[in-house]
Amino acid sequence: METFGTRLHRAVAERGPLCVGIDPHPGLLARWGLEDDVDGLERFVRTVAEALGDRVAVFKPQSAFFERFGSRGVAILESTIRQLRDVGALVLLDAKRGDIGSTVAAYASAYLDPSSPMYVDALTASPYLGVGSLAPMFETAAAHGGGVFVLALTSNPEGAEVQRAVTSGGRTVAQLVIDEISQLNRGAEPLGSFGLVVGATIGDTGHDLSRVNGPLLAPGLGAQGATAADLPTVFGPSLSAVLPSYSREVLNAGPDADALRAAAARVAADFRHILAAGH
Ligand SMILES: O=C(O)c1cc(=O)[nH]c(=O)n1[C@@H]1O[C@H](COP(=O)(O)O)[C@@H](O)[C@H]1O
């Protein structure tokens, strides 16, 4: 069985380092001339999947925008996940799950067990009940070639107060999360399966990402104000592990399929340019 890290490494080699978030905001549905209802949602996500499914390495559907429509919205999320995986894309479900260990085990079977209807390649997780409470997710992911992306330094301004607080051992909360995920990825080749979420908006925070050996998901680009040019400051020598993530910046270009493709190609080129500049 291939690990998620291996699959991600290959997807990025073949399709380039890009994650497109699928966040069907009511305002975006309106902008696309769609109703804010289940049919509008269905049309929106089908358009994104048909336009970009064969060329983007990773899609990150944001669960909240599907849950908004109840069980019919969740059914559309399920079919979108299948559609994207069928055309060779990886799906990272953004649900930011976290709880006591026994409940985390249930989340793990909901999303990371291949027999589940909502099975995805990877899931976002919140470590604020303790990184150790996520162990059942890490174990299920490892058993089935899945991945988990744990929040470390989020893109929103409110995150810093908690994430940069200093623990009794002298490290920040975020550094503790970074170090625990680094442990899980030790020795993995070509890339570990456990990622971290580090917002592109946060500037140089002095955190040490050098031992993560896993993917670094960078949201906050585009609509939240960061650009690819900010990434070298945030990630320093770990820039090559970054998976830049854009939702509205790409989705705003729709519903025309060529315009969506052009927007995805543009943001991918921005990042390639920064990488090539050798920061
Ligand atoms: O885990 C995430 O993806 C995430 C973490 C974070 O620190 N900041 C952040 O914006 N996100 C998510 O990334 C997406 C950002 O959307 P845009 O601002 O439209 O690109 C949303 O779905 C957020 O929930």
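How many residues has helix α5, and how far does α5 reach from its first C-alpha to its last? This predicted model is described with local features at pLDDT of at least 70 and side-chain atom pairs only at pLDDT 80 or more, whereas totals for chains, interfaces and linings use all residues. Residues are numbered from 1 along each chain as its sequence is written.

**Figure 1. Helix α5 and its span.** Helix α5 covers residues 70–86; its 17 residues reach 25 Å from the first C-alpha to the last, close to the 24 Å expected at 1.5 Å a residue. The expected span is 1.5 Å times one less than the number of residues. Helices (H or I, at least four residues) and strands (E, at least two) are DSSP runs, numbered from the N terminus. After α5 comes G88, with a positive phi near 90 degrees.

Figure 2. Buried residues of α5 are G73, I76, L77, T80, I81 and L84. Viewed down the axis of α5, these buried residues fall within an arc of 140 degrees, so they line one face of the helix; the arc is that of the directions from the helix axis to the C-beta atoms. On the face turned away from the buried side, α5 carries the exposed residues S71 and D86. A residue is buried if 20 or more other C-beta atoms lie within 10 Å of its own, exposed if 12 or fewer, and partly exposed in between, with C-beta atoms placed from the backbone.

**Figure 3. The cover over α5.** The elements that cover the buried residues of α5 include helices α3 (38–52) and α4 (64–67), together with strands β2 (58–61) and β3 (90–97).

**Figure 4. Strand β2 and its partners.** Strand β1 (residues 19–22) runs parallel to β2 and is joined to it by 4 bridges, with I22 opposite P61 in β2. Strands β2 and β3 also run parallel, joined by 2 bridges, and V58 stands opposite L90 in β3. Two strands pair if DSSP finds at least two bridges between them. From β2, V58 and K60 point one way and F59 and P61 the other way, and all are buried.

**Figure 5. The setting of these views in the protein chain.** The protein chain has 12 helices and 8 strands, and its C-alpha atoms fill a box of roughly 55 × 45 × 35 Å along the principal axes. Of its 279 residues, 47% are buried.

Key:
Two residues are in contact if their C-beta atoms, placed from the backbone, lie within 7 Å.
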